[in-house]
2 protein chains.
Amino acid sequence: MSTRNLLVVLSESEKQDFLPLPLWERLCGLAPDLTWMTPQEVEERGWESVFSSIKPKILVTGWRTPPLPDDGIFARESGLEYLCHLPGSVRKLIPEVWIANGLVVSNWGNSISHVVAECGLMLITSGLRRAGYWNNAMHHSDAWKGPDLDTCSLFGRRVGIHGLGAIARSLVRLLEPFGLEISVYSPSVPQEVLDEYRVKRCDSLEELFSKNNVIVELAPLTPKNTGIVTEELLRMIPDDGLFVNIGRGAVVDEDALARVCAEGRLHAALDVYTIEPLPADSPLRQLDNVTLLPHLGGPTVDQRQTAGAYGLDNIERYLRGEEPESVVTLSTYARAT
Amino acid sequence: MSTRNLLVVLSESEKQDFLPLPLWERLCGLAPDLTWMTPQEVEERGWESVFSSIKPKILVTGWRTPPLPDDGIFARESGLEYLCHLPGSVRKLIPEVWIANGLVVSNWGNSISHVVAECGLMLITSGLRRAGYWNNAMHHSDAWKGPDLDTCSLFGRRVGIHGLGAIARSLVRLLEPFGLEISVYSPSVPQEVLDEYRVKRCDSLEELFSKNNVIVELAPLTPKNTGIVTEELLRMIPDDGLFVNIGRGAVVDEDALARVCAEGRLHAALDVYTIEPLPADSPLRQLDNVTLLPHLGGPTVDQRQTAGAYGLDNIERYLRGEEPESVVTLSTYARAT
């Protein structure tokens, strides 16, 4: 193992959250000669110097790891074989040329889908109950309910989900005790998966949006899906409906969403936006029937160790000569956000 | 049936919410000679005049129905046999002397427990995710998350419930997909019920509060329970814990709760308060780690018809000579809030 140099570049808090002591000890057991550096140390020394002194074959990275140089010769000659990125998106960290040159890259894959699904359930139930509005009002005035409430329960609602990937599947499981009719628009997913999850197929987005009270956006952000949720579609949601986005902001025409919500007929609960951080002058920030979160759907602090453990499983696979799970290929890299 | 005069006193909106057309038609089928009056009409004419002209034997009431006279002779001589209160609490509507004189009174009983449980699930998940704080911040400034998040998932939490009545049982069902360890303090509930719901018994409130990250308050407000959740108990909840109250406010020492939350070590999510409406100067309104709702846990507007249908079932029972469900006895009346 001593020849397979392993370098961990995580901040103190990333190390603590993703690899708390029992996991850290497990990693040290796998690679007793590992080196841990903070992002700041790497920045100060520069990647070239770090690579030439440590010669890492395996690199473990987090959100704050400095980007690798966009340099094909460096990528080819670095000697790095496997990069285990503990979080999700690798685009800001790894220039494409590293993957093109054969570097194996993995991320947290679907290991935290259940936590994003939980955020979805929370946004659905709080959006329907108008909890964001009331919590806000009660903190900023002497507000109390009047006779003209418009609260709504999830029981009895029809829920439509755009997409049926890992997060949507976890969400369907969390919704089971509500005994709801759930429909899905996801042309690429085979019928047996829909049957397994006991969800109905919609043949078009028009059908999905017009026949359900609650729409959950979970489609991947591909060029085809960019802006696919148009004003026309949003206006098809029956009155007093709720649009929840825990997927990717740019799938939705965000200006149209703000316009339709401003009319009061549609409520929304959003975790993701076309531009993040959400601009200060976004009209969404002015709408009290729109619940806003700053992209918190990913793993909560306490659940980062789930992603850390998943990364360790992948390192073990790699050391055994197997392929890690959730490998980022050139084609998934191109599609990623 | 024509001798069993039935009087409905509901506002236009109560009638629409609790007894939408299909239910209203069902009621008219049961009692074709029924009279519908608005609360305002009753107030203008006075109960004496209403009773002497309509001679109701069955009275259907809502939140806005004017209180019956606190007059034993009137109660005895009114001829009223059964009062079907479509919502919950009857204390403000019916003076005790009517029940003492043999009037049968029923309310919505447990027909809407699942909707309160849903509110509980929502407050748990949003409290852990700090959704109230972030939604407020994003609406009142250009807020976006920084590196020092303290979000938490429900997955992996230990949940302790104080009480195991109908709402708590519904909540346990909604929590099932999370695969949690759930403990309950409810000395009066037999072991077979705990086994059926696969929850662990705690032998004391001290054990419940010290061994769980999330505490859900659902104990009934009896004299013994008033203020039973003391500062000492609240301080036993492990750091970064969450206290959720969807039961009765006065079960908790509210000043102590505000004090402990103000220190930052405990989060809270509250739907009920010792005094409702929550006073404008309540320190709870100043705390951004406390989620506040204005007692919305009861049936959402769309679910009021569930309580309406339950009331109709009870009227049918009564007309068949059976006892209605969820009858308010003198002893439950004395305990009610």
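A polar contact here is a pair of N or O atoms within 3.5 Å, where one must be able to donate a hydrogen and the other to accept it. The legends below describe a predicted model.

**View 1. Polar contacts and salt bridges link chain A and chain B.** Between the two chains, 41 residue pairs are in polar contact, both residues at pLDDT 80 or more. Salt bridges between chain A and chain B number four. One of them joins the side chains of R129(A) and E118(B). The N to O distance there is 3.9 Å.

**View 2. Helices and a strand of chain A face chain B.** Helix 7 (113-129), helix 8 (131-140), helix 9 (166-175) and strand 12 (290-292) each supply at least two residues of the side of chain A that touches chain B. Helix 7 of chain A gives the most, with nine residues. By class, this side of chain A holds 29 nonpolar, 17 polar and 13 charged residues.

**View 3. Chain A and chain B bury about 5,200 Å² between them.** Carbon and sulfur atoms account for 62% of that area. In chain A, the residues that lose the most area to chain B are R129(A), W144(A) and R285(A). Together they make up 15% of what that side buries. The contact takes in 59 residues of chain A and 59 residues of chain B.

View 4. The same surface serves both copies, as 100% of the contact residues of chain A recur in chain B.

**View 5. Chain A is assigned domain 1 and domain 2.** Domain 1 covers 6-111 + 301-335. Domain 2 covers 113-292. Their C-alpha centres lie 34 Å apart in chain A. Five residues from domain 1 and six residues from domain 2 make the contact.

**View 6. Domain 1 and domain 2 of chain A bury about 440 Å² between them.** Carbon and sulfur atoms give 53% of this area. Across this interface there are zero salt bridges. Two residue pairs are in polar contact between the domains, both residues at pLDDT 80 or more. The side of domain 1 that touches domain 2 has no nonpolar, four polar and one charged residues.

Conventions: Residues are numbered from 1 along each chain as its sequence is written. Chains are lettered from A and ligands numbered from 1 in the order in which they are written. This is a predicted model: local features need pLDDT of at least 70, side-chain atom pairs count only at pLDDT 80 or more; totals for chains, interfaces and linings use all residues. Side-chain values use heavy atoms; hydrogens and water are left out. Contact means heavy atoms within 4.5 Å. Buried area is the accessible area (1.4 Å probe) that two parts lose on being put together, summed over both. A polar contact is a pair of N or O atoms within 3.5 Å; within protein, one must be able to donate a hydrogen and the other to accept it, and residues adjacent in sequence count only if both atoms are side-chain atoms. Helices (H or I, at least four residues) and strands (E, at least two) are DSSP runs, numbered from the N terminus. Ala, Val, Leu, Ile, Met, Phe, Trp, Tyr, Cys and Pro count as nonpolar, Asp, Glu, Lys and Arg as charged, and the others, Gly among them, as polar. Domain bounds come from an automatic or database domain assignment.
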